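Biologist: I am new to this structure. Please pick one part of it and take me through that part closely.

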Amino acid sequence: MLDFLWLVPVLPLIGVFLNGAVAIVSERRVLLRRYYDELEGSGSESHDHGHHHDPLFDSPYRKVVSMIGPGVVGLSFLVALLCVASLLRLPAEQRVFEVDLFTWIQAGSFRAAFSLYLDPLSSVMILVVTGVGFLIHVYSTGYMSHEKAYARYFVYLNLFTFAMLILVMASNYLLLFVGWEGVGLCSYLLIGYWYEKKSAADAGKKAFIVNRVGDFAFIIGVFLMFWTFGSVGFSDVFGKAAGLQGSAVLGTGVVTAITLLLFGGAIGKSAQIPLYVWLPDAMEGPTPVSALIHAATMVTAGVYVVARSSTLFLLAPTSMMVVAVIGAATAIFAATIGIAQNDIKRVLAYSTVSQLGYMFLACGVGAFAAGIFHLMTHAFFKALLFLGSGSVIHALAGEQDMRKMGGVKKYMPVTFWTMFIATLAIAGIPGFSGFFSKDEILWKTFSSAHGSKALWLVGSAAALITAFYMFRLVFMTFFGDSRMEPQVEAQAHESPKSMTVPLAILAVFSVIGGYIGIPHVLGGSNRFERFLEPVFAGLSGGGHAEAAHHPPVALELGLMGLAVAIAVGGIWVAYTLYVKNRDLPGKIADKYHTLYHVVYNKYFVDEIYHTLVVYPLYRGSVLLWEIFDVLVVDGIVNGVGQVLLGTGQAIRRLQTGIVQNYAFSLLLGALILVGYMIFG
């Protein structure tokens, strides 16, 4: 079955071409006809979640798109599942499959192949991307069913899946960079899907530009890697890196530079300090897009690259420390912002930034398997949270402000219970997937040789805040009296099955997804970590914290109990403020007005960036235009023209057409010639 591995990325690509053909042949014709109808005043607006019937939405081509879009990703998931099953049948140390499809670049001794790579790490990633991605595609057939550009949406969605699969299945950093740029392009297209809306178009551009900063660092890191190792292939680079321990190359800090540059790319894609600012604005895109970006594709790319490059990072202790500190700082910083947000999607956006911080914290302390474990469980419950919020928004005619919700539970029982399960998971309540993965990170942070008690304290504080603001979201949305507008409440309804079935499936995985990583202290064997062990083995005892330390079991159990108490404490505070005493949040906000104002405005980071970076760049560009472009470039071009024009006008005066003038010029010439012959 491994010989058919190439089908995993190719199937979504086929979807791009098929849906693209439908978009060009059928949808374009229908939309042009609609456009002319609207000019005549008989059309209707888009993305209103369509609570009125429109013949456009019954067009036959939409059924074709609804089958192709999710169908190709579902088939890709099945092929991925069979390939991973084949890989599992091999002995643990032989679970690496690499296939060269063709030579992509050949220049002298340099060769970059278009080749695919499957090992335990990429196995986890392709199952997450295609599995969760498939459910999001299915959900989209319901959520986006009242959009005009339906086929265009699925073209972008399939392309996003293809790009992410290339990223995680590449066998070298250069091909990985192709997928890396592909997901950047697709995020721009999907965030700006409603391009006629200025805020959506601006958010798409913001994501694209901020990511370019990180991408520049990433590609410089790849160049430096080639200069150091003479290759960009994973097998070559990691094989040679193992021999670098104690060498002059390591001493000069080259590996530190390479890993920091790669991490620079990672913080752009995975929205970490200081390049996280694009992710909250990405909420301008359709909600399923947010789910795909936040759970199954783009933001996991940075974590994947750091984990994939673990061999290099373990050679660079400084880089490891930077990754851990940035991760911990992002986890708590984003969590504090989530406390005061009222837009249901933005709360989830800051929650994603915070949870990604946990994943980087795990990688920074050498617990790469724990980071990937949290990436997987997070994909389940975060996709569920976003799709659940989309279900609420869909039912409430586009309303996203939680202050205008309340009491939604009775109208949407399936959405409520599934979101409630996901909230328990992200809060780290025992029995749910997030408990196992988050507790593993906190424990490794505390006990690892690369970790520290200070980092553990920051991570625990972020866990407390996470439990609080996530239950704040649930209590404000689903509990209490209704604060909905009467016309909104009148049409509140549960979502169709195309949306609720994916919610139910993700809810199941939000519970059971963590049981493949039950730690030894709870009687499990942490099968997930053992599965990934061959990928992270090689240096520093396999990169697992416990390899060098064997702390007491009582200590681990004690810290686990403390983590649960912290999560319960956060939920209790949220219950007290948003169920028992609803007036209290307002009084607290009034009492600590300045602090609340700062947090509510997200620490004014966007404004600071605008003042320190965006505006100076804008003014610098204007000055360059006014001085260099207008005076120098235009001056040279226009100056040459003016000189030639003046010369021509001067010469033109000699061509008067008067015979006497020509005779005088002949006489003058003759006198000059004679004078030269006599006196010269």
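**Helix H15 and its surroundings**

Modeller: H15 and H19 run roughly antiparallel to each other. That label is given to angles over 145 degrees; under 35 counts as roughly parallel, 65 to 115 as roughly perpendicular, and the rest as oblique. This is a predicted model, where local features need pLDDT of at least 70 and side-chain atom pairs count only at pLDDT 80 or more, while totals for chains, interfaces and linings use all residues. Residues are numbered from 1 along each chain as its sequence is written, and side-chain values use heavy atoms, with hydrogens and water left out.

Find H15 at residues 344-364 and H19 at residues 453-478. Helices here are DSSP runs of H or I with at least four residues (strands are E runs of at least two), numbered from the N terminus. The two axes come within 11 Å and cross at roughly 160°. An axis is a line fitted to C-alpha atoms, for helices over the stretch in contact, and angles run from 0 to 180 degrees between N-to-C directions. The crossing of H15 past H19 is left-handed: the near helix is turned anticlockwise from the far one by less than a right angle, where clockwise would be right-handed.

Which residues make the contact between H15 and H19? From H15 come Ile-344, Val-347, Leu-348, Tyr-350, Ser-351, Ser-354, Gln-355, Tyr-358 and Leu-361. H19 brings residues including Leu-455, Gly-459, Ala-462, Tyr-469 and Thr-477. Contact means heavy atoms within 4.5 Å. By class, this contact holds twelve nonpolar, six polar and no charged residues. Ala, Val, Leu, Ile, Met, Phe, Trp, Tyr, Cys and Pro count as nonpolar, Asp, Glu, Lys and Arg as charged, and the others, Gly among them, as polar.

Now turn to helix H16, residues 368-395. H15 and H16 pack at an angle of about 175°, with their axes 9 Å apart. H15 is therefore roughly antiparallel to H16 as well. On the H15 side, the residues that meet H16 include Lys-345, Ala-349, Thr-352, Met-359 and Cys-363. Among their partners in H16 are Phe-368, His-374, Lys-382, Leu-385 and Ile-393. The contact of H15 with H16 counts 13 nonpolar, seven polar and two charged residues.

Is Ser-270 buried or exposed? Ser-270 has a relative accessible area of 0%, so it is buried. Buried means under 20%, exposed over 50%, and partly exposed in between (1.4 Å probe, protein chains only). Ser-270 touches Val-299, Thr-300, Ala-301, Gly-302, Val-303, Leu-356 and Phe-360, leaving aside residues up to four places away in sequence. A polar atom of its side chain lies 2.5 Å from the backbone oxygen of Val-299. The Ser-270 side chain also reaches the backbone nitrogen of Gly-302 at 3.0 Å.

The loop between H9 and H10 also holds Pro-274. A cis peptide bond, with omega of about 5°, joins Ile-273 and Pro-274. Most peptide bonds are trans, and most residues other than glycine have a negative phi.

Terms used
A polar contact is a pair of N or O atoms within 3.5 Å; within protein, one must be able to donate a hydrogen and the other to accept it, and residues adjacent in sequence count only if both atoms are side-chain atoms.
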